[in-house]
Amino acid sequence: AWQRANRIAVNPIVPSTIFAATNQGLRRSTDGGATWTTVQSGNSYQVLIDPTNANRMVCHYLTAQTHRIAFSTDSGVTWADSAGGFSTATRIEMAFATSVSGRIYASVDGGDVWRSDDAGANWTMRSSGQISSGQWWYNNAVWVDPTNSSWLLIGAQDLFRSSDGGQTFTKIGDGGANQQTPHSDVHAFTAHPDYNGTTNRIVYTCTDGGVYRASDIRTATTS
């Protein structure tokens, strides 16, 4: 048993295999949630399955007051810590790029953006400090265009977009003192079910002030 489940991931190939990132470890069930085993200790915040290979997974967890990323290559049976500079982070958010196998981005507190091209085993920094924000423990989200891994969004107190794989960012949403949109404090993104990167570029942004819709996320800006 546990007190809090932060995220849930379901294996798309074997849907009876479920993962729950909880405050008492990363739990794995192979019988549709009837029974659970702990596969990664620590306070687990996020668990993701590579959309191009269900054997590959990543999770963000806290142990001994240190935030870490772990990865798995056997459908979450065993885990190992990633190589990367995440030991001082207060929060990490990750998102896989479905258009490039094994590519995943991480938004780390302080405005650092990292990328892994081997499904979370090793990481390189793409940019540092370009995203100005506070309270990273509260507002942090990342989204990667499913058709082009060079386009990504980082949601913090405001909203930022990159078209070069996280090397540079432009603020496209300002919910602070300027009272523009989307509202401040971004928590999640989701694309339209028919998003194709050309005729449909609709993306929804979830914030403290509601859900906002961009009809074309590649050209959207503050308004």
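Trp 143 and Tyr 195 are both buried, and this is a predicted model. Their rings make an edge-to-face aromatic pair, with centres 5.7 Å apart and planes at 80 degrees. The two partners come from distant parts of the chain, 52 residues apart: Trp 143 sits in strand β13 (residues 141–144), while Tyr 195 is in the loop between β17 and β18 (203–207).

**Aromatic pairs**
- The count comes to 3 aromatic pairs.
- Trp 2 and Trp 36 are one of them, with ring centres 5.3 Å apart; their planes stand at 90 degrees, so this pair is edge-to-face.
- This pair also ties together distant parts of the chain, with Trp 2 in the segment before β1 (5–10) and Trp 36 in the loop between β3 (25–29) and β4 (37–40), 34 residues apart.
- Trp 2 is partly exposed at 27% relative accessible area, and Trp 36 is partly exposed at 28%.

**Positive phi**
- Most residues other than glycine have a negative phi.
- Ala 64 has a positive phi, near 50 degrees, and lies in the loop between β6 (57–63) and β7 (66–72).
- Is Ala 64 buried or exposed? At 72% relative accessibility, Ala 64 counts as exposed.
- Asp 185 isn't a glycine either, yet has a positive phi of about 70 degrees.
- Asp 185 is in the loop between β16 (170–173) and β17 (186–191), and is buried, with a relative accessible area of 10%.

**Cysteines**
- Searching the whole structure turns up 0 disulfides.
- Cys 59 is buried at 0% relative accessible area, whereas Cys 206 counts as partly exposed at 26%.

How values were computed:
Residues are numbered from 1 along each chain as its sequence is written. This is a predicted model: local features need pLDDT of at least 70, side-chain atom pairs count only at pLDDT 80 or more; totals for chains, interfaces and linings use all residues. Side-chain values use heavy atoms; hydrogens and water are left out. A disulfide is a pair of cysteine sulfur atoms within 2.5 Å. Buried means under 20% relative accessible area, exposed over 50%, partly exposed in between (1.4 Å probe, protein chains only). Helices (H or I, at least four residues) and strands (E, at least two) are DSSP runs, numbered from the N terminus. Rings of Phe, Tyr and Trp (its six-membered ring) pair if their centres lie within 6.5 Å; planes under 30 degrees apart count as stacked, over 60 as edge-to-face and the rest as tilted.
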